[in-house]
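Here is a walk through a two-chain model, written for someone who has the coordinates open.

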Amino acid sequence: MPHAIGADPRPRTRRSPDGRWRVAGLRCRACAEVAAYTWPVCPRCRGPVEPADFGPTGTVWSSTVVRIPVPGRTPPYALAYVDLDDGPRVLAHVVDAAEPATIGGRVRLTAPTADGDPRVEALA
Amino acid sequence: MSAVAVHGVGTSHFGRQPERDAIALAHDAVREALTDAGVDRVDAVWVGTVFGPAGVAQRTLRALGITGVPVLTVENACASGTTAFLEAHEAVRTGRYGRVLALGIEQMSTAFSGAITPEPSDPEQRGGLALPALYAMSAARYLHLGAVTPAELAAVSVKNHAHALHNPRAQYSGSYTVEQVLGSRMIADPLTVLQCCPTSDGAAAAVLAPATGGPREVRVRGAALRSGRVWDHSSPHVWGYDIVRDTTADALAAAGLHAATDVDVVEVHDAFTIGEIVTTEALGLVPEGAGGKAAAAGVTALGGTHPVNPSGGLLSRGHPLGATGLAQLAEITWQLRGEAGGRQVDGARLGLVETMGGGVSVLDGNACVVAVLEGP
Ligand SMILES: [Zn+2]
């Protein structure tokens, strides 16, 4: 790697008191934009933001399985862009998926991967 | 303000060349471009590179005897070379410098053993979203929507590999079938290895100066650059569509053209098959959702109504990131002069270059550059 890995930039998932996993992000107080990040201002309108949690359920917008070696990763691994209900689109790993997750399918946030990636599981 | 022309272009060979350094690659490109332009001096240099180490521009140029002139290095992911071109164009257009060299350099085979290492300070790349996976997400979404079929995706690879049979500088070429493309090794579903650009080393260069009406000058009709807006759950299109559409509109307006269909030949950013399909739609060469059908029907092949990537594109010529934009520009320059040999688009008078650079999460591309050129 050309340089050291600094602060982890990935969305943070955490377990709420009700036992469900949610992403800690932001909501814009000006334009209602939501994002899975705790950035200082709204990326769409520069408006003021407040913390907001999203999830645990969402819909798969698209998905793939990465089958090539990527530094720090063991292939194959399944990824999905998940549009959380009333929340932002997040990149998530998919539990036990040998094939791409069904697009349009319903998923739920679960505990992050051992590497610290947001993760979802398919809902039956 | 001056009308600006491309007076000379040059490139290295494209391919895995770990035994050749940036100096050797750049020498091939710069010597050819200066000779092509019939000059031996420039007033300034813009260099596009992505993974080149700090100082690579000056370290390379001093070995080519280009010292004591302003050197500026720009990075815009895959659009770095085209960004160097755009800035060189602006410098000449506004009279800041009289004659400017735009150079793109990238040596990837010594930097990565396979796919580009995802950038750990970017959230989605840190999460494992290597670039093939980003494009795979678009391809999977298009398949889900019925906007493309697997065979139509493969048709882009078949076409561009066939085009490259006529390009001696290309990294790869071949007469493949759709079945062979779909049956090749899976990289990130649904993209197979023959649908992904290779790891490449290379350099490309162009000499820009005021237009004088010379018989080999290719005039820059218009050029534009945009960086991406937010791309997220509320975006109407797949990643990269809107920025290409909007940058194209800017470039066409600057060129005084109504539509991309007015041009005779285009070179677009086909790092992956889905990229060319989305781009032909976003350019307006074909209607939205018709990019795959156009590729499969030969509309975008040499001899078709709208030839796309006669060079073989990134898929076959290769994709040394910072050099790619200027390699695309060199191809369009040769096409508009009628010097493209077996891959010549007959009678091409207007050409367009589009390069898309990306990788930053939540943005619809780090940068897109579109340029419209006119032959002598
Ligand atoms: Zn906002």
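## Chain B as a whole

First things first: this is a predicted model. Chain B is built from 12 helices and 11 strands. If you line up the C-alpha trace of chain B with its principal axes, you get a span of about 55 × 45 × 40 Å.

Inside, 65% of the 376 residues of chain B count as buried. Take the contacts in chain B with a separation of 6 or more: 78% of them are between residues 24 or more positions apart.

## Where the two chains meet

Now for the interface. On the chain B side, 35 residues are in contact with 40 residues of chain A. Together the two chains bury about 3100 Å², and 62% of that is on carbon and sulfur atoms. Which three residues supply more of the area that chain B buries against chain A than any other three? They are B:Arg126, B:Met137 and B:His233, with 23% of that area.

Polar links cross the interface too. There are 15 residue pairs in polar contact between chain B and chain A, counting pairs with both residues at pLDDT 80 or more. As for secondary structure, α4, α5 (131-145) and β5 (186-188) of chain B are the elements that each give two or more residues to the side touching chain A. Helix α5(B) provides the largest share of that side, with eight residues. Sorted by class, this face of chain B has 19 nonpolar, eight polar and eight charged residues.

Salt bridges across the interface of chain B and chain A number two. One to look up pairs the side chains of A:Arg44 and B:Asp232, at 2.9 Å from N to O.

## Salt bridges in chain A

Over all chains, the whole structure has 32 salt bridges. In chain A, A:Asp115 and A:Arg73 meet through their side chains at 3.8 Å, N to O. These two sit 42 residues apart, in distant parts of the chain: A:Asp115 is in the loop between β8 (106-110) and β9 (119-122) of chain A, and A:Arg73 is in the loop between β5 (57-66) and β6 (77-84) of chain A. Buried or exposed? A:Arg73 counts as buried at 14% relative accessibility, while A:Asp115 is partly exposed at 47%. Both belong to a network of salt bridges that links A:Asp8, A:Arg10, A:Arg73, A:Asp115 and A:Asp117.

Another pair to find is A:Arg108 with A:Glu121, where the closest N and O atoms are 3.3 Å apart.

Over in chain B, B:Lys159 and B:Glu276 form a salt bridge whose closest N and O atoms are 2.8 Å apart. B:Lys159 is in helix α6 (residues 150-164) of chain B and B:Glu276 in helix α9 (residues 273-283) of chain B, so the pair ties together parts 117 residues apart in sequence.

What about their accessibility? B:Lys159 counts as buried at 6%, and B:Glu276 is buried with a relative accessible area of 1%. The cut-off behind that word is under 20% relative accessible area.

## A closer look at B:Ser109

Finally, zoom in on B:Ser109, in the loop between β4 (100-107) and α4 (123-126) of chain B. With a relative accessible area of 14%, B:Ser109 is buried.

Which residues is B:Ser109 in contact with, leaving aside neighbours within four places in sequence? The list is B:Arg16, B:Gln17, B:Pro18, B:Thr199 and B:Asp201. With B:Asp201 there is also a polar contact of 2.6 Å between the two side chains.

Notes. Residues numbered from 1 in each chain as written. Chains lettered and ligands numbered in written order. Predicted model: local features only at pLDDT ≥ 70, side-chain atom pairs only at ≥ 80, totals over all residues. Heavy atoms only, no water. Helix = DSSP H or I, 4+ residues; strand = E, 2+ residues; numbered from the N terminus. Buried < 20%, exposed > 50% of the residue type's maximum accessible area, 1.4 Å probe, protein only. Polar contact = N/O pair within 3.5 Å; in protein donor to acceptor, adjacent residues only side chain to side chain. Contact = heavy atoms within 4.5 Å. Buried area = accessible area lost by both parts, 1.4 Å probe. Salt bridge = Lys/Arg side-chain N within 4 Å of Asp/Glu carboxyl O. Nonpolar A, V, L, I, M, F, W, Y, C, P; charged D, E, K, R; others polar.
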